[in-house]
Amino acid sequence: MSGLIRSFEPVISDSARVLILGSMPGIKSLNEEQYYAHPQNAFWRIMSALLNINPHAPYPEKLVHLKSSGIALWDVLQTCQRDGSLDSSIVTETETENDFKTLFQNYPKIRHVFFNGAKAEASFKRHTLAKVKNFDIEYLRLPSTSPAHAGMSFEAKLNAWRVVLDSATITKEETKSIFAEPFQTYIPPLQSQH
């Protein structure tokens, strides 16, 4: 078993309205000190399509585009033990969470949290939800952008992730009509069988 690994600081600005949460950066991301650095991870490809970013832009430029669009990035876990990069390899007993109570206090415009996959959502519910229940924030799990989540096409993932862009631009009142339940999971529409 390897030692503890540690996530990054958040990518955030005072104008953040949306927070995207992963679980813990993979080996490639940790080595390059960049969120979603694995070339097969669809995250930057999706953000490039949604925000009209050059997919080949340097990492710092991509972060500027995210922040200027009101989108922040972080991970649920601050530290954990994990062999390899798969979420399923995270040793649950070693998980420690990031300080979301302080983050939400310092960035009060955040109204939407999107989980990049099931592990991020499960860890947030286990470690954090009770500590932040007094904040007026809506939560939604989106399909993982990880290459390990290959059961969904890129187009279907992109369609699911469009809610991030919509949420970065809508008002608090409009949010109430979109999010009926405090926790939701995106369910893709059925494809016709023609």
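Biologist: Leaving aside its neighbours within four places in sequence, which residues is F104 in contact with?

Modeller: This is a predicted model. F104 is found in helix α4, residues 100-106. Its relative accessibility is 2%, under the 20% cut-off, so F104 counts as buried. With neighbours within four places in sequence set aside, F104 is in contact with L19, I110, V113, V132, F135, I137 and Y139.

Biologist: How far apart in space are F104 and V132, C-alpha to C-alpha?

Modeller: V132 is among the residues in contact with F104. In sequence, F104 and V132 are 28 residues apart. In space, C-alpha to C-alpha, the distance is 8.2 Å.

Biologist: Among contacts in the protein between residues at least 6 apart in sequence, what percentage join residues at least 24 apart?

Modeller: The protein has 7 helices and 8 strands. Buried residues make up 47% of its 194 residues. Of the contacts between residues at least 6 apart in sequence, the share that joins residues at least 24 apart is 74%.

Biologist: Turn to helix α2. Which of its residues are buried?

Modeller: Helix α2 covers residues 43-51. Of its 9 residues, 7 are buried, so α2 is largely enclosed by the rest of the structure. The buried residues of α2 are F43, W44, I46, M47, S48, L50 and L51.

Biologist: Which elements do the buried residues of α2 pack against?

Modeller: The partners include both strands and helices. The strands are β2 (18-22), β3 (71-75) and β6 (112-116). The helices are α3 (59-68) and α6.

Biologist: Is the crossing of α2 and α6 left-handed or right-handed?

Modeller: Two packed helices are described by the angle between their axes and the distance between the axes. For α2 and α6 (residues 154-169), the angle is about 60° and the axes are 10 Å apart. That makes α2 oblique to α6. As for the hand, α2 passes α6 in a crossing that is right-handed.

Biologist: Which residues in α3 do F43, W44, M47 and L51 in α2 meet?

Modeller: Counting both sides, the residues of the contact of α2 with α3 divide into 7 nonpolar, 1 polar and 1 charged. The α2 side is made up of F43, W44, M47 and L51. On the α3 side, the residues are Y59, K62, L63, H65 and L66.

Biologist: Which residue follows α2, and what is its phi?

Modeller: The residue that follows α2 is N52. The phi of N52 is positive, near 60°.

Biologist: Now the salt bridges. How far apart are the closest N and O atoms of K28 and E32?

Modeller: K28 and E32 are 4 residues apart in helix α1 (residues 27-32), which means that about one helical turn separates them. K28 is partly exposed at 34% relative accessibility, and E32 is also partly exposed, at 35%. They form a salt bridge. The distance between the closest N and O atoms is 2.6 Å.

Biologist: Which residues do salt bridges that share partners join into one network?

Modeller: In helix α5 (residues 118-127), E121 forms a salt bridge with K125, with the closest N and O atoms 3.7 Å apart. The side chain of E121 also meets that of R141 in a salt bridge, at 2.6 Å from N to O. This second pair links distant parts of the chain, with R141 in strand β7 (residues 138-142) and E121 in helix α5, 20 residues apart. Salt bridges that share partners therefore form one network of E121, K125 and R141.

Notes
Residues numbered from 1 in each chain as written. Predicted model: local features only at pLDDT ≥ 70, side-chain atom pairs only at ≥ 80, totals over all residues. Heavy atoms only, no water. Axes fitted to C-alpha atoms, helices over the stretch in contact; angles between N-to-C directions. Helix = DSSP H or I, 4+ residues; strand = E, 2+ residues; numbered from the N terminus. Parallel < 35°, antiparallel > 145°, perpendicular 65-115°, else oblique. Left-handed = near helix turned anticlockwise from the far one by under 90°. Salt bridge = Lys/Arg side-chain N within 4 Å of Asp/Glu carboxyl O. Buried < 20%, exposed > 50% of the residue type's maximum accessible area, 1.4 Å probe, protein only. Contact = heavy atoms within 4.5 Å. Nonpolar A, V, L, I, M, F, W, Y, C, P; charged D, E, K, R; others polar.
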